[in-house]
Amino acid sequence: MNIGIFSGSFNPIHIGHLALANYLCEYGDLDEVWFMVTPHNPLKEENELMDDKLRLKLVQLATEGYPKFRASDFEFHLPRPSYTVHTLDALKRTYPQHTFHLVIGSDNWRLFHRWYESERIIAENHLLVYPRPGYPVEATFLPQNVRTVSSPVFEISSTFIRRAIEEGKDVRYFLHPAVCDELKRMQNESLN
């Protein structure tokens, strides 16, 4: 199968993540998208992250019932910090029957040269770059294994979601209903 590896903090997962992955499965060449919950991104401060197991649980809630999505804790079992090159190597060893496609935003593509062993990632793997507002990609000059996807553009971020929740905003339509319910339940528990 062609598997999209959508790796991220998902801090929390939101409707933009899900809509993009849905688009890649239904309009792209992917059979499935695996939401690879990253325990610690070397480019982010660890204290900004919700608990690993909570982020995984929210991804599981959001992806339940759609057979082309899988919530994955694969990186939880790898050394930290998580480097994408090591994750892709381990995936290929564990699932040699699949072809993996790393799914990244055009904002991350602009920083890709800073990723650990970025040149090896590009040489040995397929990358799908989706559009992010303010980060155009010139598709003419992309390496052979890298291609852009013309998915809808979503101006939603997990940072926006977290701030809105902290400010007491109702963001139910930015989140999968099960994720929204779980975050509300947790918020109510913390108030009691």
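Me: What should I know about the model before reading it?

Reply: It is a predicted model, in which local features need pLDDT of at least 70 and side-chain atom pairs count only at pLDDT 80 or more, while totals for chains, interfaces and linings use all residues. Residues are numbered from 1 along each chain as its sequence is written, and side-chain values use heavy atoms, with hydrogens and water left out.

Me: Which residues of helix α6 are buried?

Reply: Buried means under 20% relative accessible area, exposed over 50%, and partly exposed in between, with a 1.4 Å probe and protein chains only; helices (H or I, at least four residues) and strands (E, at least two) are DSSP runs, numbered from the N terminus. In α6, residues 158-166, the buried ones are Ser 158, Ile 161 and Ala 164. Seen down the axis of α6, these buried residues fall within an arc of 125 degrees, taken from the directions from the helix axis to the C-beta atoms, so they line one face of the helix. Arg 163 and Glu 166, on the other side of α6, are exposed.

Me: Which residues line the second largest pocket?

Reply: On a 1 Å grid over the protein atoms alone, a pocket is an open set of points where a 1.4 Å probe fits, with protein on both sides within 12 Å along at least five of seven lines, and lining residues have an atom within 4 Å of a point. Here the lining includes Pro 12, Met 50, Ile 161 and Leu 183, and α6 supplies its largest share, four residues.

Me: Which residues of α2 and α7 meet?

Reply: Contact means heavy atoms within 4.5 Å. Leu 54, Lys 57, Leu 58, Leu 61 and Ala 62 of α2 meet residues of α7, including Ala 178, Val 179 and Leu 183.

Me: Where is the cis peptide bond?

Reply: A cis peptide bond joins Asn 11 and Pro 12, with omega of about 10 degrees, and Pro 12 is found in the loop between β1 (2-8) and α1.

Me: Is Phe 10 buried or exposed?

Reply: Phe 10 counts as buried, at 3% relative accessibility. Phe 10 lies in the loop between β1 and α1, and its phi is near 45 degrees, a positive value in a residue other than glycine.
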